[in-house]
Amino acid sequence: MIIVSHSEKIAEGIQDLMKEMAPSVPIHLAGGLEDGAIGTDVNRILSALDQIEGEALLLSDIGSATMNAELAIDMYEGDKHVEFFDGPIVESAFIASVSSGNGMSLTDIVGQLKQQ
């Protein structure tokens with residue numbers, strides 16, 4: 001899973017919470033700007049995409065984070081399967097983490113998120 005947030009602290013907090021729920025699920029972060037300021041950066045998202053193994057779900061918080069997440073997926077040249085879901089980030093991360101930790105496929109997780 002990749003968490004894209006305007007705030008590095010929010011992304012880290014979501015990661016901490018999800019590690020309690022599903023410790024085996026890898027979570028990559030693209031929170032805030034490189035200097036620690038609030039914002040999002042397509043290059044940080046692309047870097048997170050390069051770190052994934054297999055497939056990943058990308059979640060974002062609001063506004064330009066969503067725009068940059070979609071742009072990063074369009075720009076991504078890797079061979080990993082990446083799905084983007086635009087929904088409540090904490091709730092979506094919880095559902096995705098627990099479901100992934102229980103062996104559910106990415107396609108099924110996205111389907112489950114769309115039903116919420």
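Predicted model: local features only at pLDDT ≥ 70, side-chain atom pairs only at ≥ 80, totals over all residues.
**Exercise 1. Decide whether the faces of S1 are covered or open.**

Solution. Take one side at a time. Ile-2 and Val-4 lie on one side, and both are buried. Ile-3 and Ser-5 lie on the other, and they are buried too. Both faces of S1 are therefore covered, since buried means under 20% relative accessible area.

**Exercise 2. Work out the strand order of the sheet and name its edge strands.**

Solution. The sheet is open and has four strands. Their order is S2-S1-S3-S4, with parallel pairing. Now look at the ends. S2 and S4 (81-85) are the edge strands, as each pairs on one side only. On average, neighbouring strands are turned by 20 degrees against each other, direction ignored.

Then check the pair S3 and S4. S3 spans residues 55-60, and five bridges join S3 to S4. These two strands run parallel. Glu-55 has His-81 of S4 opposite.

**Exercise 3. Determine how H2 is placed against the sheet and against H3.**

Solution. First, the sheet. H2 lies across S1, S2, S3 and S4, and runs at about 175 degrees to S2.

Second, the helix pair. H2 holds residues 42-51 and H3 holds residues 64-75. Their axes come within 9 Å and cross at roughly 55 degrees. H2 and H3 are therefore oblique to each other. The crossing of H2 past H3 is right-handed.

Third, the contact itself. H2 supplies Val-42, Ile-45, Leu-46 and Leu-49. H3 supplies Asn-68, Ala-69, Leu-71, Ala-72, Ile-73 and Met-75. Sort these residues: nine are nonpolar, one is polar and none is charged.

**Exercise 4. Locate Thr-40, classify it as buried or exposed, and list its contacts beyond its sequence neighbours.**

Solution. Thr-40 sits in the loop between S2 and H2. Its relative accessibility is 15%, so Thr-40 counts as buried.

Now set aside neighbours within four places in sequence. Thr-40 is then in contact with Val-4, Ser-5, His-6, Gly-32, Leu-33, Ser-64, Ala-65 and Asn-68.

Finally, compare sequence with space. Thr-40 and Gly-63 are 23 residues apart in sequence. In space they are 9.9 Å apart, C-alpha to C-alpha.

Notes
Residues numbered from 1 in each chain as written. Heavy atoms only, no water. Axes fitted to C-alpha atoms, helices over the stretch in contact; angles between N-to-C directions. Parallel < 35°, antiparallel > 145°, perpendicular 65-115°, else oblique. Left-handed = near helix turned anticlockwise from the far one by under 90°. Contact = heavy atoms within 4.5 Å. Nonpolar A, V, L, I, M, F, W, Y, C, P; charged D, E, K, R; others polar. Buried < 20%, exposed > 50% of the residue type's maximum accessible area, 1.4 Å probe, protein only. Pairing = 2+ DSSP bridges.
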